[in-house]
Amino acid sequence: MASAPSLTFLVLLLPFLAAAIAPLLTRALRHNAAWLLALVPLFNLVHFAGFLPEIAAGSPVTGGYAWVPEVNVNFSWYLDGLSLTFALLVTGIGALIVLYSGGYLKGHEDQGRFFSFILMFMGAMQGLVVADNFLTLFVFWELTSITSFLLIGFDHSRAASRRAAIQALVVTGLGGLSLLAGLLVIWNVTGVSELSLLLATGDTMRESPFYLAAFLLILGGAFTKSAQFPLHFWLPNAMEAPTPVSAYLHSATMVKAGVYLLMRLNPVLGETALWETVLPIFGGTTLIVGTLLATRQTDLKLMLAYTTVASLGLLVMLTGFGNEGAIAGAVLYLIAHSMFKGGLFMVAGLVDHESGTRDITRLGGLRKAMPVTFAAAVLAAFSMGGLPPFFGFLAKEEMYYAMVQGDAWSIAVLATAVIGNGLMFVIGFAVALKPFLGEPVETPKHAHEGPVLLWLGPATLGLCGLLAALFSATSHAYFSGPMASAVAGTPVPVEITVVPHPGAALYLSLFTIALGILFYWNLERIRGMMTALLNAIGWGPDKGFDQVMRGLVRLAGLFTRVIHNGKMEVYMTVTFAGIALALILPMWLFGEGPAMPAFPQLPFYEWTILAIAVIGIAAVIIAKNRLTAIVSLGIQGFAVAVIFMLLGAPDLSFTQFMVETLSVVILALVMTRLRLSPADHRPTGEKLMDMTVAGLAGIGFGLALLKITQIPFDNSLTDFFNANSRVIAHGRNIVNVIIVDFRGLDTLGEISVVMITGLAILALIRIRKPRRGAAAGTGEG
Amino acid sequence: MAGAASPHADLASAMVLQPVAAADWLVVAPVVIPIVFGAALLMFRKETQQHMVVSIIAFALLLLADAALLWRVIEHGPIVMTMGRWLPPFGITFQADVLGAGLATVAGLVAFAAVLFSFRDIDTTGRRYGFYTFFLLMMAGVHGAFLTGDIFNLYVWFEVLLISSFGLLVLGSEHEQIDGAVKYAFLNLVATTLFLIAVGLLYGAFGTLNMADLAGKIAAAKGQAPVMTLATLFLFAFAMKAAAFPVNFWLPASYHTPRIIVSALFAGLLTKVGIYALLRVLVMLFPVERDMLAIVIAWVAAFTMVLGILGALAQSDIRRAVGFVVVSGIGVMLAGLALGSELGLTAAILYALHSMIAMTAVYMLVGLMAEAGGSVSLHSLAGLYRAHPFMAALALVLFFAVAGLPPFSGVWPKVFVVKASLDVGAWWLAFAVLLTGLLTTITLGRVFALAFWRNHAEEPATMVPGDPITWKTYAPVVLLTAAVVFIGFYPQPVLDVAHAAARTILFSSGYVNAVLPAGGGA
């Protein structure tokens, strides 16, 4: 089996390799590069199709390589009915989109870059749907967000594109992180990190106390990616991208990743009351809101975008409904939607490309000028409207069958589905018919049929929607059946055909169509009502997004101005307050403070010296001008030096005298040069604050020192130095031997410090008027 | 004065008698090379034309020494060498383990890239007044800190790198620079002094400075020494060096002021030395106390990362924003430290390695953006996507790496930190890490959209045509970006290093036994 997995590995990498050479290829062949580049997804399609018989027979395929084995991260894939169908959609539609892009962006200066991005996206998307390992899934998931960002911002000079790109990145990025957290929770609960193994864990997740957390986090990932209300707003904005992107990412594939995730995890997280309540509610709301918003639009792409939102809602609702029939309906609808919506988007792009506008009120009568486009549009619209003998009809029949149950909940869900489908019927036909029927209307460009690169995609998808329905036995055997079984976790028979059977489902279908026709006639009126309603509300999540972003930046600015205010005094106060806390709190909390020391029995001269030190400090504090304070500090320093001497450390004492003398002299000299105010003018509150902080820090250090002196000292180093200074190191002065021999390296470091300090001062003094590139114009050092 | 031992002392009880294996001299090479070359450049400081060649040789040698050391440590275990051959714990020990050598190697790589970049950024004046000497001595300090096995010696190297970084910071003497340098110097001096005081107290409590020796003695301390207080002091001092909230004022106040290459170096190296010291001291010397402090560290980590990235979001000056991004990355490393598990520490170390490379590269990139667009302000910088597509590609890779998005180096440590947090139920810490990732994405996405995607409203009339940006200028950024991509796609080798490093500090017996084979002080 070594060759088959490695070929799949190649297939997973191939789009990225193609992305790398796409710009070069496009420079050489211009838009005709599309024909060559489309071979890549085609090759992948054929490769994946090769698995069909095996998977239809019910045996999933896994493979992969260890990636980071220490933490169980593998680059692994899992092909079953669900992932294989998705992979075929991604690669199949991908091939058509590459061709379509060739025509759509013909002559665009960045066409090579575009091919590159779209192929990268394709690689990410097929990786997402076939990934087995959690982290592989996450990596590809985020890659689809990143490539989507690049594609939405493709027309980068327009502010609307940039805003939409960032918005999509933020919303789907949020979802990606939520997904990651969810997957890690599942990993921690079940102990497995492969989807294929997870599917075999039975009720482990459902019975876990972390079920709710995992459920919400996974939903966060799915609902953002699949644009569920109220997180749907990024998807219509993403229509700023060139139409091939809208057709591919934002209707046929990427936005279904959320639905894919829910379907994938349905056997693990599904069949709970929570799942079967939350999903239909959000899905149903999204369905109705999406369709209503779609009726308001006059831009072909935006109309389609909102119906995409609605369709995703329908899919989520069906996935959460909880019986096998609904799942089969979801599966059929998903396949149908990918084909008809991808096709309709391409039609919209074609109309836009050829006529110069995609405003439905400025289009009409194009059927003569663009007959092939018209045919493709009608094929797609029939499927979208759920008319026989198209695949959309099968989907609608199946979902209605499943939902006719009679209890109140089912009826509510069913009513939602019927109204939603009715409204979608309207939009589908409005997009497919209005630009083509009626009297020809003057358009910005004189419209005629587009080149083969442009109409090949929509025509193929339209025909597929028809053929898949006509040969429903085959498509169920290879696609719908295995996919529904994978989603349900148990074998699900899918037997629906294009031949209408009298029954509740058929009557509901007919009712939907009647409803749709009714809405179609009143489209203008509904549009007016929706516009008035939205104006009355005056707020939407899209506006909310801007408000959140603005609020975030304002909040960030506020925090940063408060914390990093540029005032050195505040920085120092906070630092020393922290030091005081770091000293006192642990001593207090962990009982590490010193014992009360015995009252010292000192000779009177030692008391005197101590008193001088204290007086010095007191003088520093009460001194009226800075010079007095500096000299008083010197008094304290000298007193300490004397104490060192009395305690038998002449070297130390001498050093202390030197340091104190020098620092008093230097500080005093500096003070005469600086024009500082002679006294400080801090307000009393600040003085008290500073006093408290300084006092606490001092007390803390004092206590710590006291504590250390109260525990017995380990003399081993001192003894060693005593023993070996003279006999081995040949030095009588132990301090000197320590400095030059035992710890000579420290001295080397300190000497370097002195040297660098000198050099830094030199640079500080000598470099006066800096100008880039100017030679050293200052003096010699 | 000296003890009255017999004139024929027992050398074996005081000194290491067997000669150091030739290959083990590698352990001091990363400190010796920069000091020697730094001194040489100081002597020939007027020959500014020669500085480039000499520096390239120096940094290439340094990188080689680092890499060879790492290889040897991985193959043969820790290398120990005691200065003056005094038996540990009496002399100063240099000791390379995977943690030190791993960080040193990445530091060497970053420095090598930086020296290539510096040719464009540093003028003759800068060279004459010691840019390369400061740089080399700073590398000596960084390497000394990574490789020393003695806690007072660690302080000395902190001082070396503090003062040489100060030299780099003021070089140029612009008003803004001096202001930043003053804040940098004073606040860092406070931190370093606190470190010194803590070392003094530690010595008073345990009578030794050798870290291997300390590890044993602290573990054996039975309620006498104020270990919690000591651990907290070290935590505070190093956290300040690492720029943790709330004592990170010095970083945003200074990092945007010097030459961009200096900022790049600082971002790559300085805070990570603080992180290294935290790992070494808290995990290896104070494991029990680290456990008690874990909740404090975790909150500090969460605040550091979230407030850090909010700081970045608030800026319109890209250099300032990137400084805050550095801070927020520190929070992620502290989170790993707070977790303290094998995975958590591995993630912290991996993040440190990633951050050294990525943040240095980001600063270099910002330098190129400023040069190409004539501004570092998001209000006026525009049009780079069209003018410099290659720069845009580098920016995308680096920005996504920093934000922790796949498939680049930042994603792995971030995933591991989140996983390690969830392992112990610290969901809020995981949330903070993920939130930081999202906010980073927003911040950098905004930079990309404005500086690269947005076109100039009109052709700027006063564009000063700088030197054209050639492949030589791109080379160091490309080198580091390649590392970021490599780690993203094939994290295994670097992860192995991080994992082994985490194990050396978590299970310190290997480290201790390498220094003190008898298992304790003489």
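Colleague: What should be kept in mind about the model and its numbering?
Modeller: This is a predicted model, in which local features need pLDDT of at least 70 and side-chain atom pairs count only at pLDDT 80 or more, while totals for chains, interfaces and linings use all residues. Residues are numbered from 1 along each chain as its sequence is written, chains are lettered from A in the order in which they are written, and side-chain values use heavy atoms, with hydrogens and water left out.

Colleague: Why is B:Ser118 called buried?
Modeller: Buried means under 20% relative accessible area, exposed over 50%, and partly exposed in between, with a 1.4 Å probe and protein chains only. B:Ser118 has a relative accessible area of 0%, and is therefore buried. This serine belongs to helix α3 (residues 98-121) of chain B, helices being DSSP runs of H or I with at least four residues, numbered from the N terminus.

Colleague: What does B:Ser118 touch, leaving out residues up to four places away in sequence?
Modeller: With contact taken as heavy atoms within 4.5 Å, B:Ser118 touches B:Phe131, B:Tyr132 and B:Ile261.

Colleague: What makes the pairing of the side chains of B:Ser118 and B:Tyr132 a polar contact?
Modeller: The term needs a pair of N or O atoms within 3.5 Å, where within protein one must be able to donate a hydrogen and the other to accept it, and residues adjacent in sequence count only if both atoms are side-chain atoms. The two side chains make such a contact at 2.8 Å.

Colleague: Why is A:His47 called buried too?
Modeller: Its relative accessible area is 12%, so A:His47 is classed as buried. A:His47 lies in helix α3 (residues 39-49) of chain A and, neighbours within four places in sequence aside, is in contact with A:Leu7, A:Thr8 and A:Val11.

Colleague: What makes B:Lys217 and A:Asp714 a salt bridge?
Modeller: A salt bridge is a side-chain nitrogen of Lys or Arg within 4 Å of a carboxyl oxygen of Asp or Glu. The side chains of B:Lys217 and A:Asp714 meet at 3.0 Å, N to O, and the count between chain B and chain A is four salt bridges.

Colleague: How many residues does each chain bring to the contact?
Modeller: Chain B gives 129 residues and chain A gives 117 residues.

Conventions:
Helices (H or I, at least four residues) and strands (E, at least two) are DSSP runs, numbered from the N terminus.
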